[in-house]
Amino acid sequence: MHSVGYTEAMAEQLAARTGKPVVTARRILAGAIRLHLVALAARPPPGHPAEPGSGHETEPLQALMDRLPGQTETLTPRERDVLKALLQGEGNKEIGRRLGISHRTVEIHRARVMAKLNAGSAIELFRRLMLVRDQ
């Protein structure tokens, strides 16, 4: 079924009416990117020894954030929360609901993250993560 342009809410409504699953294009893309990023997170970042059992293991999202070029250390805790949700493929409204803040506040945090990481969009961040190579 054609679902390009559907929001998650629209997909849920259609699924409820038809009794059939509806998968949005955003969810398909986010799933494919997530699989690639999980594989990338399993590798240690350049210059960091993280052999299993060495005590240097980190959660997958933190490992991805460590790989991002830019000034991730200057991010506030809330900006880190928004970035982690963004790396999981969540939209602004989903992030806002989960964090208990408005989607406009999420947009503000997201814009600050993009500025600090010198990225024009979330897609650019994903692209950078996928192009990172161990040195």
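Two residues are said to be in contact when heavy atoms of theirs lie within 4.5 Å. With this term in hand, the predicted model shown above can be read step by step.

The chain contains 7 helices and 0 strands, so that, from the N terminus on, its elements follow the order α-α-α-α-α-α-α. Of its 135 residues, 33% are buried. Among the contacts between residues at least 6 apart in sequence, 50% join residues at least 24 apart.

The next element to consider is helix α5, residues 92-99. The axes of α4 and α5 come within 10 Å of each other and cross at roughly 130°. Because angles over 145 degrees count as roughly antiparallel and those from 65 to 115 as roughly perpendicular, α4 is oblique to α5. The crossing of these two helices is right-handed. On the α4 side, the residues that take part in the contact are R78, D81, V82, A85 and L86; on the α5 side, they are I95, R98 and L99. Sorted by class, the contact of α4 with α5 comprises 5 nonpolar, no polar and 3 charged residues.

Attention may now turn to the nonpolar cores. The largest nonpolar core has 16 residues. Those with the most contacts inside this core are L68, L83, L86, L87, M114, L117 and L125. Two or more residues each are supplied by α3 (60-67), α4, α6 (103-116) and α7 (122-131). The greatest contribution is that of α7, with 4 residues. Apart from this core lies another, of 5 residues, including V82, A85, I95 and L99.

N118 is located in the loop between α6 and α7. Most residues other than glycine have a negative phi. N118, however, has a positive phi of about 55° although it is not a glycine. Is N118 buried or exposed? Its relative accessibility is 62%, and because a residue counts as exposed when this value is over 50%, N118 is classed as exposed.

Methods: Residues are numbered from 1 along each chain as its sequence is written. This is a predicted model: local features need pLDDT of at least 70, side-chain atom pairs count only at pLDDT 80 or more; totals for chains, interfaces and linings use all residues. Side-chain values use heavy atoms; hydrogens and water are left out. A nonpolar core is a set of buried Ala, Val, Leu, Ile, Met, Phe, Trp, Tyr and Cys residues joined through side-chain atoms within 4.5 Å. Buried means under 20% relative accessible area, exposed over 50%, partly exposed in between (1.4 Å probe, protein chains only). Axes are lines fitted to C-alpha atoms, for helices over the stretch in contact, and angles run from 0 to 180 degrees between N-to-C directions. Angles under 35 degrees count as roughly parallel, over 145 as roughly antiparallel, 65 to 115 as roughly perpendicular and the rest as oblique. A crossing is left-handed if the near helix is turned anticlockwise from the far one by less than a right angle, and right-handed if clockwise. Ala, Val, Leu, Ile, Met, Phe, Trp, Tyr, Cys and Pro count as nonpolar, Asp, Glu, Lys and Arg as charged, and the others, Gly among them, as polar.
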